[in-house]
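Subject: Structure handover

Hello,

The structure is below, with the sequence. My notes on it follow.

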Amino acid sequence: MKFHNTLLNLCTIFFSLAQVTVAQNSPQDIVDAHNVFRAEVGVGPISWNETVAAYAQNYANSRIEDCNMVHSNGPYGENLAEGYENMDGAAAVKFWGTEKPNYDHGSNSCVGGECLHYTQIVWRDSVHVGCARVKCNNNWMFVICNYHPPGNYIGRSPY
C-alpha cells in the first residue's frame with residue numbers, strides 16, 4: 001500500500017509539473033506577457049489570433065533544421081528569439097521587453113541598444129498576435145511571434 005501511495009504521489013507531481021509547463025506556453029500567457037508592457041504605456045490589449053499563430057507555426061517549422069534567426073519577410077510584424085529548452089513564448093516576450101530602457105519615446109528612437117522588439121510589442125495598431133516555438137535539431141528553441149497589423153514603421157511612433 002505504501003508503494004502504491006508513493007507511486008500515486010509521484011504521478012500527481014509529474015502531471016502537475018507537466019500542466020505547469022504547458023501553461024507557460026499557452027496563448028493566454030503569451031498575450032498576458034504582451035499586455036503587461038502595453039498597459040505600462042497606455043496601449044490597449046493585444047489578443048490571440050489563430051491565423052497569425054498558424055503562420056508563425058509554419059515558419060517556425062521551417063527553421064527546425066538550422067534554427068537560424070532569419071525573419072520570414074511575411075505579411076506580419078515579427079519578433080524572433082532562441083534559447084534553451086526553458087525559452088517559451090512568455091519568456092521570449094519578457095526578453096524582448098528588456099529593450100524598453102533603450103527606447104526614447106521623446107525622440108522616437110533607440111538609444112544605447114536594440115529596441116525594435118520592444119516597440120513591436122507596444123505598437124498601438126498591432127492588435128493581434130500569434131506565436132509558436134519549435135525545438136531545433138541543435139537542441140535550441142526557436143520562438144516567433146507575429147503581429148497584425150505589423151508595426152515598426154520608420155518615422156512613426158509606436159504609441
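Helices and strands here are DSSP runs numbered from the N terminus, a helix having at least four residues and a strand at least two. In those terms, serine 126 sits in the loop between helix 5 (116–121) and strand 5 (128–135). Please keep in mind that this is a predicted model.

Overall layout

The protein has five helices and six strands. Along the sequence they come in the pattern α-α-β-α-β-α-β-β-α-β-β. Of the 159 residues in the protein, 39% are buried. Among contacts between residues at least 6 apart in sequence, 67% join residues at least 24 apart.

Serine 126

Is serine 126 buried or exposed? Serine 126 is buried, because its relative accessible area is 0% and the cut-off for buried is under 20%. Setting aside neighbours within four places in sequence, serine 126 is in contact with Arg38, Ile46, Gln120, Tyr147, His148, Pro149, Pro150 and Gly151. With one of these, glutamine 120, serine 126 also makes a side-chain polar contact of 3.0 Å. Asparagine 146 is 20 residues away from serine 126 in sequence, and the C-alpha to C-alpha separation of the two is 9.7 Å.

Helix 4

Helix 4 covers residues 89–97, and its buried residues are Gly89, Ala90, Ala92, Val93, Trp96 and Gly97. These residues lie on the same side of helix 4, because the arc they cover around the axis is only 160°. As background, an α-helix has 3.6 residues a turn, so residues three or four places apart point the same way.

Helix 2 against helix 4

How do helix 2 and helix 4 pack, and at what angle? Helix 2 (residues 27–40) packs with helix 4 at about 15°, and the two axes are 8 Å apart. Helix 2 is therefore roughly parallel to helix 4, since angles under 35 degrees count as such. The crossing of helix 2 past helix 4 is right-handed. On the helix 2 side, the residues that meet helix 4 are Asp29, Ile30, Ala33, His34 and Phe37. Their counterparts in helix 4 are Gly89, Ala90, Val93, Lys94 and Gly97. Among these, Gly89, Ala90, Val93 and Gly97 were listed above as buried.

Regards

Conventions. Residues numbered from 1 in each chain as written. Predicted model: local features only at pLDDT ≥ 70, side-chain atom pairs only at ≥ 80, totals over all residues. Heavy atoms only, no water. Buried < 20%, exposed > 50% of the residue type's maximum accessible area, 1.4 Å probe, protein only. Arc of directions from axis to C-beta. Axes fitted to C-alpha atoms, helices over the stretch in contact; angles between N-to-C directions. Parallel < 35°, antiparallel > 145°, perpendicular 65-115°, else oblique. Left-handed = near helix turned anticlockwise from the far one by under 90°. Contact = heavy atoms within 4.5 Å. Polar contact = N/O pair within 3.5 Å; in protein donor to acceptor, adjacent residues only side chain to side chain.
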